[in-house]
Amino acid sequence: EQVNEQFQPGDVYATNDPDLGGSHLPDVTVLTPVFDDANERVLFFTASRAHHAEIGGLRPGSAFPFAKNLAEEGVVLRNVLIQRGGVFYESELRDVLTEGPYPSRSPDENIADIRAAVAANHKGATLLRDMIAQHTWPIVDAYMSHIKWAAYEKTTDLAMRLPEGEYHFEDTFDNGDTLGVTVHVRGTMGHNGFWFNFKPADERADSLNANPAIVEAAVLYCLRCLIGQDFPLNSGVLDAVSMYIPPASILKPRRPKDPAEHVAVVGGNVEVSQRIVDVIFGALGVVAASQGTMNNFVFGNERFGYYETICGGAGAGPNFDGASAVHTHMTNTRLTDPEIMEHHYPVRVVRFAIRQGSGGAGKHRGGDGVVREVEFLEPVEVSLLTQRRSQGPFGLQGGHAGKPGRNMLIHADGTTETLAGLAQFDAKAGDRVVIETPGGGGFGTFVE
């Protein structure tokens, strides 16, 4: 009833607030309530989430590794009404995007992308109404419950296939902070399911802080992989799951309303999420660590912001080698073609190749990472948000770790500088960044 009183037909909202289910500020979610024919009751929500290469913040690209708080990462949208009665509030949205201490550098692109999301939601709403017209609301409503129940049953079936007990694993970030998990299968819950007991480090002063929505998404992803059957992904999976996340930690930071007092979070979405997956799979012993990072590479100036993630090596498993030069787990992006990138941005792609021999040895070998080298043709600000630079992705069952990644800056005069996993600097024309991504861990003892 409260939901129906809040929303009106034709409403559309935009949000990126990490405390309201968002991942990080560049991921803007556009939500549209879908009403019944009488416009009296909300039946569904359609939603579109897309990454914006620029949403403001202290540095171009809105992926600033050393941000001290959420305000420095960009513009916070807290369920902003952007359309009512079919009227798009463009001027009001532009005001939100361009106000504050660190406004968006690309409000026109932001608004264009949000308009596209509104259109996508409208198409989804039309298809939902068509489905109801064809099958009737009682049948559609019933099948929504059936779909959730099917996901729940597949998750409990997975719990039955695994040996009952407790499984523990712990891994380390580049700064020495640890993330551990104990996975309880079956008996501890009183039914066939899972309990995830996380043991994370305390919340950090940089951007490597996640939130419970990211933790839940990572858990759901792991279970979906292990189920190994096709079914519509939905929250029914989590109906068979309980979890404990300690407060004031990198997985559940405190939630002050003022963005200037809230810890930064962009690294939690792109880096901590990867480590959550690795420790869950490590605890269950099903696959060695993959590269464990998205190798976030951001550059720009006051005219533009560019952001990309870079592939690496996948971990090996009990009966397969890890794939080379692929995105793993929490990222599935495609890189911009070199010709397009060089046409639109002041860069030259010098090299993009497989990093041969970087995967961990074992009965099944981990996949190899890649080498990506980019030259800047004019001065730009650069940010690198990466992990697995001090310790390679772990192997399992006697398999060796993959090689850790490496970041380098080759100055225009030929001198070379090794960069940390979290780095920010001003590059000059002629400088080149070289990013070597980690290889995946091996699985099983290698026997000649």
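1. Strand S1, residues 12–15, is covered on both faces in this predicted model. Val12 and Ala14 point to one side, Tyr13 and Thr15 to the other, and all four of these residues are buried.

2. Two strands pair with S1. Strand S4 (residues 80–84) runs antiparallel to S1 and is joined to S1 by 3 bridges; within this pairing, alanine 14 lies opposite valine 80. Strand S2 (residues 27–35) is likewise antiparallel to S1, again over 3 bridges, and here threonine 15 has threonine 29 as its bridge partner.

3. Beyond this local arrangement, the protein chain contains 7 helices and 18 strands. Along the principal axes, the C-alpha atoms occupy a box of roughly 70 × 55 × 40 Å.

4. Of the 448 residues, 54% count as buried. Among contacts with a separation of 6 or more, 70% are made by residues 24 or more positions apart.

5. The chain carries 37 positive and 56 negative side chains. The centres of these two sets of charges lie 4 Å apart.

Conventions
Residues are numbered from 1 along each chain as its sequence is written. This is a predicted model: local features need pLDDT of at least 70, side-chain atom pairs count only at pLDDT 80 or more; totals for chains, interfaces and linings use all residues. Side-chain values use heavy atoms; hydrogens and water are left out. Helices (H or I, at least four residues) and strands (E, at least two) are DSSP runs, numbered from the N terminus. Buried means under 20% relative accessible area, exposed over 50%, partly exposed in between (1.4 Å probe, protein chains only). Contact means heavy atoms within 4.5 Å. Lys and Arg count as positive and Asp and Glu as negative; His and the chain ends are not counted. The place of a charge is taken as NZ of Lys, CZ of Arg, CG of Asp or CD of Glu. Two strands pair if DSSP finds at least two bridges between them.
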